[in-house]
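Trainee: Could you walk me through this one? I'd like to ask questions as we go.
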Amino acid sequence: KSEHFQADNPSAAGTRIIKEGFLTKAPDLNSKSAFSKKWKTRWFSLTSNGDLNYYEDQKAKKFLGTIQLSDCTEVMDAEAEVRRFNCLAIHTPGRIYYIEAERKEDIDEWHKVISPFLPALRTRVETNREVSENKIRSGSLNVTARERTMTIVAQANIAIRKGWLKKQGGSNKSFKDRWFVMDGGKLSYFKDDKTST
């Protein structure tokens with residue numbers, strides 16, 4: 001049975017566990033001996049520094065290998081390619097890793113937490129976030145005194161910011177309180193904090 005959870009306890013200095021669980025891992029399908037090897041169940045652990053480590057089982061202290069997501073170029077559905085359900089292909093310069101989960105919900109969750117670590121996506125998110133934060137600092141978006149501190153929630157190592165801001169209207173130029181949400185580089189605003197949920 002697949003198991004996964006988020007943990008606040010650091011697994012190493014300066015890192016924390018984002019997600020853990022059992023997945024089935026393919027042998028290197030490009031190797032000459034791939035046909036004689038089987039897919040094997042491994043315990044996977046994704047840390048906040050972008051290392052996807054895999055172990056022989058949940059109790060093992062030494063990992064068998066690491067997929068450094070900072071080197072990955074693409075993560076995509078691989079069901080048609082390998083003819084197995086609930087599969088992802090993690091592309092790296094040296095190898096394509098194939099992982100399989102028992103349920104579609106599980107592999108979708110893994111896809112969701114792995115994707116933000118890819119360099120191309122991180123660059124786009126960080127650029128959009130910088131633009132939004134520059135608008136706040138420049139005065140285009142003024143933070144109200146009653147909500148000067150925003151809530152920051154860590155999710156897959158990307159900050160989600162929520163809070164009340166003053167927004168200037170386009171026609172009458174008056175400022176009104178609006179509930180702003182910055183998620184994955186996208187800045188949205190609502191009439192209140194309930195409307196955004």
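This is a predicted model: local features need pLDDT of at least 70, side-chain atom pairs count only at pLDDT 80 or more; totals for chains, interfaces and linings use all residues.

Trainee: In what order do the seven strands of the open sheet come?

Mentor: Strands here are DSSP runs of E with at least two residues, helices are runs of H or I with at least four, and both are numbered from the N terminus. Two strands pair if DSSP finds at least two bridges between them. The pairing in this open sheet is antiparallel, and the order is S4-S3-S2-S1-S7-S6-S5.

Trainee: And which are the edge strands?

Mentor: Look for strands that pair on one side only. Those are strand S4 (65–68) and strand S5 (74–77).

Trainee: Why is strand S7 largely enclosed by the rest of the structure?

Mentor: Buried means under 20% relative accessible area, exposed over 50%, and partly exposed in between (1.4 Å probe, protein chains only). S7 covers residues 96–100, and it's largely enclosed because four of its five residues are buried.

Trainee: Which residue of S7 is the bridge partner of Leu88?

Mentor: Strand S6 (residues 87–91) runs antiparallel to S7, and five bridges join them. A hairpin of four residues connects S6 to S7. On the S1 side, S1 (residues 17–25) pairs with S7 over two bridges, also in the antiparallel sense, with Lys25 opposite Ile99. The bridge partner of Leu88 is that residue too, Ile99.

Trainee: Is Arg83 buried or exposed?

Mentor: Arg83 sits in the loop between helix H1 (79–82) and S6. Its phi is positive, about 60 degrees, although it isn't a glycine. Most residues other than glycine have a negative phi. With 77% relative accessibility, Arg83 counts as exposed.

Trainee: What is the relative accessible area of Asn86?

Mentor: Asn86 is in the loop between H1 and S6, and its phi is positive as well, near 55 degrees. Asn86 is buried, with a relative accessible area of 10%.

Trainee: Which side chain makes a polar contact with the side chain of Asn53?

Mentor: Asn53 is in strand S3 (residues 51–55), opposite Ser45, and it's buried at 9% relative accessible area. A polar contact is a pair of N or O atoms within 3.5 Å; within protein, one must be able to donate a hydrogen and the other to accept it, and residues adjacent in sequence count only if both atoms are side-chain atoms. At 2.7 Å, the partner is Thr66.

Trainee: How far apart are the ring centres of Phe44 and Tyr54?

Mentor: Rings of Phe, Tyr and Trp (its six-membered ring) pair if their centres lie within 6.5 Å; planes under 30 degrees apart count as stacked, over 60 as edge-to-face and the rest as tilted. The structure holds four aromatic pairs. Phe44 and Tyr54 make a tilted one, with 35 degrees between the planes and a centre-to-centre distance of 5.5 Å.

Trainee: Over which ring does the charged end of Arg84 sit?

Mentor: A charge sits over a ring if NZ of Lys or CZ of Arg is within 6 Å of the ring centre and within 35 degrees of the ring normal. The charged end of Lys19 sits over Trp110, 5.1 Å from the ring centre. For Arg84, at 4.0 Å from the centre, the ring is that of Trp39.

How values were computed:
Residues are numbered from 1 along each chain as its sequence is written. Side-chain values use heavy atoms; hydrogens and water are left out.
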